[in-house]
Amino acid sequence: MSQPFTTVFAIYDNMTHLDFTGPHQVLCRLPNASTMIASRDGGEVTAEGNLVIGRTKKLSDIEHCDLLCVPGGMTATQVALDEAFVSEVRRLGLGARYVTSVCTGSLILGAAGLLQGKRAACHWAWRELLPEFGAIVDEARVVRDGNTITGGGVTAGIDFALTMVAEIAGEAYAKALTLGYEYAPSPPFPGGRPELAEAETLSAYSAHMGKLMDQRRAEAHEAGQRMLAHAGRP
């Protein structure tokens, strides 16, 4: 019997849990597959809203994976400065068949040096930070560049995961999962992207996020400089 296809979700405290749970719900249904949830220290991880994910493995204890996925969160740029976490993402990513992320998880992939010269997606409010890591901003909901596949903001994680299922298990299987999950989005408010949102909604949200941007920009810049130093570049 062939070895199972192994997916590892690298998670951390204060992540946006739908970035993780959405893709996890889809990818755990891959046939002949093993899905692992891991963190820097192992044990419990507390996501946004005090959702506790227990019994995570320690990243350093995982030798290899076929697919690495890093979710995003409001603390993503802080996590990008956590060398213990980032180094494990780098190690696993360099050996993985697929390197993936959802939302601002792409900033962590960037900090690990896995996005240099690659097109990548990110939540629209923070995608301007991608060039700090040598990445090329792509506004698509799911972006593929070689073996790197990234999803945009939060709910794009489900689209990303179904894209991965089609890649790994075939389109017919992905279509069956789509039907089984009754995945037929029809949001009550059709303003989930900046180009679709009402002007006042976009303005209010952008003002709120703007309060955080200076700190996030500084953290992303520092993480980008560390990444370049690790790569042996000036």
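Contact means heavy atoms within 4.5 Å. The legends below use the word in that sense, and the model they describe is predicted.

Figure 1. The protein chain has seven helices and 10 strands. Its radius of gyration is 17 Å, close to the 17 Å that the globule rule gives for 234 residues, so the protein chain is as compact as a globular protein of that length. Along the principal axes, the C-alpha atoms fill a box of roughly 55 × 45 × 35 Å. Take the contacts in the protein chain with a separation of 6 or more: residues 24 or more positions apart account for 69% of them.

Figure 2. Of the 234 residues, 45% count as buried. The protein chain exposes about 11,300 Å². Carbon and sulfur atoms supply 53% of that area. There are 20 positive and 26 negative charges.

**Figure 3. Strand β1 around T6.** T6 sits in strand β1, which covers residues 5-10. Is T6 buried or exposed? With a relative accessible area of 14%, T6 is buried, because buried means under 20%. Which residues does T6 contact, leaving aside its neighbours within four places in sequence? They are S34, M36, H64, C65, D66 and L67. One of these partners, H64, is the subject of the next view.

**Figure 4. H64 in the loop between β4 and β5.** This loop holds H64. H64 has a relative accessible area of 43%, so it counts as partly exposed. Not counting residues up to four places away in sequence, H64 touches T6, L92 and G95. The pair H64 and R97 is 33 residues apart in sequence. In space, the two are 9.9 Å apart, C-alpha to C-alpha.

**Figure 5. R55 in strand β4.** Strand β4 runs over residues 51-58 and includes R55. The phi of R55 is near 55 degrees. That is a positive value in a residue other than glycine. Is R55 buried or exposed? R55 has a relative accessible area of 82% and is exposed, because exposed means over 50%.

**Figure 6. V154 in the loop between β10 and α5.** V154 lies in this loop. Its phi is near 40 degrees, a positive value in a residue other than glycine. V154 has a relative accessibility of 24%, so it counts as partly exposed.

Figure 7. Helix α5 takes in residues 156-169. At 1.5 Å a residue, its 14 residues should span 20 Å, and its end C-alpha atoms are 20 Å apart, which agrees. Which residues of α5 are buried? They are A156, G157, F160, A161, L162, M164 and V165. An α-helix has 3.6 residues a turn, so residues three or four places apart point the same way.

Figure 8. What is the phi of G170? G170 takes a positive phi of about 105 degrees.

Note on methods: Residues numbered from 1 in each chain as written. Predicted model: local features only at pLDDT ≥ 70, side-chain atom pairs only at ≥ 80, totals over all residues. Heavy atoms only, no water. Helix = DSSP H or I, 4+ residues; strand = E, 2+ residues; numbered from the N terminus. Rg over C-alpha atoms; globule rule 2.2 N^0.38 Å. Buried < 20%, exposed > 50% of the residue type's maximum accessible area, 1.4 Å probe, protein only. Areas by Shrake-Rupley, 256 points an atom, 1.4 Å probe, with all protein chains shown as cover. Lys, Arg positive; Asp, Glu negative; His and termini not counted. Charge placed at Lys NZ, Arg CZ, Asp CG, Glu CD. Expected span 1.5 Å × (residues − 1).
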